[in-house]
Amino acid sequence: RTTMKSLRFISAEAFVSNAEFARKSLGAVAHDLFPLLFKASYLLEQGEVIHDLVENWPLFDFNMGKLLGATLDYQEDLSHRTCSVCLESCLTGLRDYVLNQSSPYMKKLKVVDLTGIKDVEVQFCKCKKTMGRWARTQLLSKLCSELLVYLQRAHCNPGTFEISINVLIDLFVTERNYELVVQALLKKCSCPLKICCVAFRSDNLTLQKFFYIIKLTDPSLLRKLEIVHNVHLEMEHLEMLFNSIHFPLLMSLTLPARTFNVRRFTATDEQMLSNIGEKMGEMLQLTELSMSFSILTGRIQKLLSPLKTPLKMLDVSNCSLNHADMAFLANSFHANHLEVLDLSGHDIPELYPSTFFKLLSHCSSVLRSLTLEDCNIQDTHVNMLILGLSPCQKLQEFKFIGNPLSSQALKHLFTFLCELPMLKNVEFPVPRDCYPIGITYPIDDASLCRFDHQKYERVAEELNLILLQANREDVKASTPLFGSYDAAVQETNSELGAYLIKSFKETLEKFSTSFNKMS
């Protein structure tokens, strides 16, 4: 699909395609053409031109999302291109903006917004090398530290120290880049480039380090907090976090697996859960909550009823919800506002079919994404599911991996899915008839790939043909056996793997020591 370009954009491409000429001529370019030239340079991956455009940026703000998004001159959105060449040129250009004493323009830049960059699975840049969120965090922190060292050593123009630019960024911190980020945040006051953390993700970090760095980020500005893999945050730590730090602007909260486990609850734990609910109730902006793989049986009401703002996104996958939990969700004021819902890992047809469909009917007018993985949805439930999904006319994404459905049932379901006008992404299970007879669900990891691959390919082709015949080429249908793409995990998987091996080794050593003592 080709996107129309205006004559202005075609001229901008021609100008920046000769990097040497463009760089020499920037001094004669009108200020209002810089955004146009930036997008053209980004499209053509002209790193040197991008660097010089940023180094001489004549405007008050530099917003990556807006600069790369759809414009009148070129409708294509380039904000999902995390091209390493382009992004490194941007950030080094920003450092050199501060150091450049011969810039023909008066330095006006006050705000740089890097939060509009989107990390996606498929990259279209020619270099095929991406710079993900972790690497952006790493590079910006490194440049801030280097800039400060240089300014302290060199005899700079006194005006350089008066430059103050807020750099809005989504930070991603792990053990590997922790020290670098801490140093950049500690020296924020004296550095001309001031890191302003809008969203914070933490993986592979000790609790002590997590608590230390989260205070450095200025939590009063934080809109999104993700505490994900290998941060051993339990309920008492979460209560401590909320008691010691105020998050007035927090809109989105993701908690690690096993934060809550009601099976071990005491009276003190019940009070702690109530306190956490009340603290979340004080977060008036909070509209997204993810608590997957915690055990919350019978406690959803206690946790969510204090919230004063309706949730738009709720992930309670594998949380062992009971009928009372589902009834609360279906009847709560959140139900009419849920745009993203994940109820994976619950036996919906067996435990609470009517309550689930009540919840679905309440959120049907706004629901954009529904995930029902490993929910024991069988062939006999498909007609009921179709009935429940029919009003969900805004649904863009439906994921239902891990359900024991036959190829025939999938074809029936796909015929219906073609009728949902805004649907863009479907993740469907390997048909039950592709597995050996007697397979039990949920399927364990060892058996997951032991299916008839040729038969699966034939069924997948037939399902895609159903979409094609209904003129729905815009719908992407796939079977990601080991979960959907996660840009953050993809970028740090070697560190994550090393951490898991280390943890496994430590567990074996403890077991061995205990065994020897017993002997």
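The buried residues of helix α1 are covered by elements that include α2 (19-25), α3 (34-43) and α4 (47-55); contact here means heavy atoms within 4.5 Å, and helices (H or I, at least four residues) and strands (E, at least two) are DSSP runs numbered from the N terminus. The model is predicted: local features need pLDDT of at least 70, side-chain atom pairs count only at pLDDT 80 or more, and totals for chains, interfaces and linings use all residues. Residues are numbered from 1 along each chain as its sequence is written, and side-chain values use heavy atoms, with hydrogens and water left out.

Helix α1 spans residues 7-17, and its buried residues are Phe 9, Ala 12, Glu 13, Phe 15 and Val 16. Viewed down the axis of α1, these residues fall within an arc of 165 degrees, so they line one face of the helix; the arc is that of the directions from the helix axis to the C-beta atoms. Leu 7 and Ala 14, on the other side of α1, are exposed. Buried denotes under 20% relative accessible area, exposed over 50%, and partly exposed the range in between (1.4 Å probe, protein chains only).

With neighbours within four places in sequence left aside, the contacts of Phe 398 include Leu 370, Leu 372, Leu 385, Asn 425 and Glu 427.

Thr 479 is located in the loop between β13 (476-478) and α19 (487-518) and is buried, with a relative accessible area of 16%. Its side chain reaches the backbone oxygen of Phe 428 at 3.0 Å. The side chains of Thr 479 and Tyr 456 are joined by a polar contact of 2.6 Å, that is, a pair of N or O atoms within 3.5 Å; within protein, one must be able to donate a hydrogen and the other to accept it, and residues adjacent in sequence count only if both atoms are side-chain atoms.

Backbone geometry was also examined. Most residues other than glycine have a negative phi, and most peptide bonds are trans. The peptide bond from Tyr 441 to Pro 442 is cis, with omega near -5 degrees. Ser 320, in the loop between β8 (313-315) and α13 (323-331), has a positive phi near 55 degrees and is partly exposed, at 28% relative accessible area. Asn 376 has a positive phi of about 60 degrees.
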